[in-house]
Amino acid sequence: MMLDSETTKTYTRPISKAWWLRDRGYFNRRYFMFLLRELTSVFVALYVVLFIYELFLLTKGQEAHAAFQESLRSGPFIVFFLIALLFALYHSWTWLGLTTKMQAAGRGLVKIGTKTLPPIFVALGSYGAWLVATCVIAYLFLTL
Amino acid sequence: MSDLRTIKITVLRYRPEEEDEPTEQTYEVEFRDDWVVLDALNHIKDHIDGTLSFRWSCRMGVCGSCGMMVNGEPKLTCAAMLRDYYPNEVRVEPLVNFPIVRDLVTDMTDFMDKLKAVKPWIIREEEKPVSEGEYLQTPDQLKDYKQFSQCINCMLCYAACPVYGLEHDFVGPAAIALGHRYNLDSRDEGNQQRQHIIASKEGIWECTYVGECSVVCPKHVDPAEAIQQTKVATTTNRLKSLVMPWGNKK
């Protein structure tokens, strides 16, 4: 219905700031999970800030760095690291899961000849690459 | 015929000549087992309250006219069975994220403008004469875009999309999916003409992938898939044009 906006008195319903908790009277789990995914970035960013600060302390000498590392072993930091880890896993898992969206059965972007590679292979490839990269980084951290 | 049962239907009413904001009105409707929400609305209009306004046409999930919020979810009311809600109350509201014109009727102008902007038709750089026949297509080429051509413009995806609700400049799921449908069509040559809308900040890059558009789509068009595919294709083309500026940029 096309309207003349100058002569028609329409009503636009406002959106609450807490729409992801209760959108106009109803809870939608997917909205909540989406916002949770967005929130993961905050924890990842905080972790990166901590990491950069730790690198900065290396320039202040071994003693300052060791003292800071010791403080990271305290309860609140461990709780923070656990939350950051869970959020990072959740974000990575859902982000890599998007690869199936670009590779829907029969009309995906990755093709072999004229045949579309089944989405499961693309997803497995993404998760596999993630796992390998994680193992390589973990190995480097634990051995170097 | 099964026994009649009575269900409460609460409808959001907005009569601009009488009130400044919407109010609620509850009706008690006797329904049969095979009634959908649209049947109840038609029953109210025909037998209880003739002033109730809503939009509908085909009653078979094809025209896309009867989209409304049913208990908070965007639904085609011709496909929402009352028995699935009974004995609870059913609450019917106009599609959210659109201005309300009257009762359950919303203003579609914004969607229609965006739909037109993505040029959802076949564009040829040069039309060949009719005497040369049709533009032929293989079944595999048809398969590339067929799913996205099933969109019935019901706008449920816009009502489900919080990004569109918060950022009205967003081109939105259905318009992008339909633009993508023509970009994928082997007969089309209009990709470049659509890119400045689809690949803009207000296009695919505004989407933060909530994914609800695909969940509510009654025709399984999966607009989220169209958006993600376009993001990958656009990025790949951009990289290709940087690495191989002499290559084909289409």
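Into which domains is chain B divided?

## Domains of chain B

Chain B is divided into domain 1 (5–106) and domain 2 (109–243), with bounds that come from an automatic or database domain assignment. This is a predicted model, in which local features need pLDDT of at least 70 and side-chain atom pairs count only at pLDDT 80 or more, while totals for chains, interfaces and linings use all residues. Residues are numbered from 1 along each chain as its sequence is written, and chains are lettered from A and ligands numbered from 1 in the order in which they are written.

Taken over C-alpha atoms, the centres of domain 1 and domain 2 of chain B are separated by 30 Å. The contact draws 13 residues from domain 1 of chain B and 12 residues from domain 2 of chain B, two residues being in contact if their C-beta atoms, placed from the backbone, lie within 7 Å.

On the side of domain 1 of chain B that touches domain 2 of chain B, β3 (67–70) and β4 (73–76) of chain B each supply at least two residues, and β4(B) gives the most, with 3 residues; strands here are DSSP runs (E, at least two residues), numbered from the N terminus. The residues of this side divide into 8 nonpolar, 4 polar and 1 charged, where Ala, Val, Leu, Ile, Met, Phe, Trp, Tyr, Cys and Pro count as nonpolar, Asp, Glu, Lys and Arg as charged, and the others, Gly among them, as polar.

## Strand pairing around β1

Strand β1 (residues 5–13) of chain B runs antiparallel to strand β2 (residues 23–31) of chain B and is joined to β2(B) by 9 bridges, two strands being paired if DSSP finds at least two bridges between them. Within this pair, Leu12(B) stands opposite Glu24(B). β1(B) also pairs in the parallel sense with strand β5 (residues 90–93) of chain B, over 3 bridges, and there Thr10(B) has Arg91(B) as its bridge partner.

How values were computed
Helices (H or I, at least four residues) and strands (E, at least two) are DSSP runs, numbered from the N terminus.
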